[in-house]
Amino acid sequence: MISYEYINKRLIDANQSHLLNFWDDLTNQQKNDFLIHLNSINYEEVNNLFKKATSCLNSENVKKLDNRMKPIPPIKFESEEGSTESQLEKYRQIGLNEISDGHVGVLLLAGGQGTRLGISYPKGMYSVGLLSGKTLFQLQAERIKKLQELAKCKTSKSGVITWYIMTSESTEEATKEFLEKNNYFGLESKNIVQFEQGVLPCFDMNGRIILEEKDRISLAPDGNGGAYRALKENGILTDMANRGIRYLHVHSVDNILVKVADPIFIGYCVDKQADCGAKVVKKSSPSEAVGVVCQVDDRFRVVEYSEITANTANLRNQSGDLVFSAGSICNHFFTVQFLEEVTKEHENKLELHVAKKKIPCVNKFGEKEIPLESNGIKIEKFIFDVFPFSDNFVTWEVPRHTEFSALKNTDDIGRDCPSSAKKDLYRLHKYYIEAAGGVVKGDIVEISPLLSYAGEGLCDKVKGKVFESPVLLIPEN
């Protein structure tokens, strides 16, 4: 049993003894639970994280990286639009072969609760109001199911794409219940592996851990870069090895157009013998608030828009294109071997990213407060911060309108919102029908992923036909 004296000494040694300020106000059960809660924290580690994080925060805001940046060299870059049909088919075939052999897994980053979206449940459970009413989780699960069918049809081998879902403390149970209730949207439960990312304490500006309640400290998810530690600590890398998985496609939950386990992207990375790869889109403008993939000190990384000056952001080449145009969309390829190396050798070297936040807390009187101004910081790690450790990094550029439409804000913001996501998916699906020889009158068009993964196989169903909006195409029974 954990004693008060033991925890109190640990807290005194870590200069965090204020966490027991309201000990006498707690019931016996609360005291016992709180001791367990406090004992779970490695105070030396989190104190060091605070020091490391705030040293970056205080170093004259953000250091500009302009003089250290170089664009992606051509040998490390290819694009869908710049490839021939035969080249795309080559990559697609490689990807489908790897899927059929059971070598491909998907890691879905699904720890976000959708606060900016105005919801209090996991973002994957959100529906943007499609004709079908499908949620993000359902769309992505059905794309996996269809892709397995396509791979079998192409290779005559039945391979499985294991779906790893990284949740957070706030999304774990709701996600599990939602998938169970919906029978995993046609996937086999044994091929869905759910696990939680880690959490880190929130700090005030002086390094004191914030009390959220009298008997609970304030914790926040450690960012999508927490995936690396979580993969190791939850035995996920071992599970991948046991299943024979060699390659992992990693993406965020909030891209409604994401091509899950995209065989062309997988095939490209495998063909180039890459250990790490990023799918990118062209920046829409020099000032678009997205990070860019480039080289810094001859190592690849994502440079945030706040880390470069406007002059560098506006640089153009002889063709008139932006020099730094490869917009990061949280869509990545990793070999499992590379992930194992990261967890063993590099995880503790990852950059820390600091955000000043309004963090609910208890005041000195033990009263709960919602601050009006930032009163503390949250520390995060980002998934792309392993790029510098790659020995063979590649990038694959895709058209934005076919692969990227983020869902982050409420409709009143007017961008990266439910309305824009729905509109982008409808526009893409209308394009699929027209490319297959059909005609659509109107703009409300949805194609079930169970019918077509990315526009393939539609000719027999749509060629020569005229469709009146709204259009919903589903598989025939």
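Okay, let's start with the lining of the largest cavity: its residues split into 10 nonpolar, three polar and two charged. Here Ala, Val, Leu, Ile, Met, Phe, Trp, Tyr, Cys and Pro count as nonpolar, Asp, Glu, Lys and Arg as charged, and the others, Gly among them, as polar.

Quick word on what we're looking at. This is a predicted model, where local features need pLDDT of at least 70 and side-chain atom pairs only count at pLDDT 80 or more, while totals for chains, interfaces and linings use all residues. Residues are numbered from 1 along each chain as its sequence is written, and side-chain values use heavy atoms, with hydrogens and water left out.

Back to that cavity. The largest cavity holds about 140 Å³ of space, the volume being what probe spheres set on the points fill, with points joined across faces, edges and corners. It has 15 lining residues, and Arg143, Leu428, His429, Tyr432 and Tyr453 sit nearest its centre. Helix 5 and helix 13 are the elements that each give two or more residues to this lining, and helix 13 has the largest share, with four. Helices are DSSP runs of H or I with at least four residues, strands are runs of E with at least two, and both are numbered from the N terminus.

Next, the second largest pocket, with about 720 Å³ of space. Of its 28 lining residues, Arg92, Lys259, Ile264, Ala454 and Glu456 come closest to the centre. Helix 4 (85-100) gives the largest share of that lining, five residues. By class, we get 15 nonpolar, four polar and nine charged.

Most residues other than glycine have a negative phi, and most peptide bonds are trans. Which two residues are joined by a cis peptide bond? Ser469 and Pro470, with omega at about 5°; Pro470 lies in the loop between strand 23 (466-468) and strand 24 (471-473). Gln273 isn't a glycine, yet its phi is positive, about 55°. Gln273 is in the loop between helix 9 and strand 12 (276-282), and it's exposed at 70% relative accessible area. By that scale, buried is under 20%, exposed is over 50%, and partly exposed is in between, using a 1.4 Å probe and protein chains only.

What about disulfides, meaning cysteine sulfur pairs within 2.5 Å? The whole structure has zero. For Cys330, the nearest cysteine sulfur, that of Cys276, is 12 Å away. Cys330 is buried, at 16%.

Last stop: Asn409, in the loop between helix 12 and helix 13. Buried or exposed? Buried, at 6% relative accessible area. Its side chain makes a polar contact with the side chain of Arg116, at 3.0 Å. That term means N or O atoms within 3.5 Å, one able to donate a hydrogen and the other to accept it within protein, and residues adjacent in sequence count only if both atoms are side-chain atoms. Beyond its neighbours within four places in sequence, Asn409 is in contact (heavy atoms within 4.5 Å) with residues including Leu117, Asp416 and Pro418.

Key:
1 Å grid on protein atoms, 1.4 Å probe; cavity = no way out; pocket = protein on both sides within 12 Å on 5 of 7 lines; lining within 4 Å. Disulfide = S-S within 2.5 Å.
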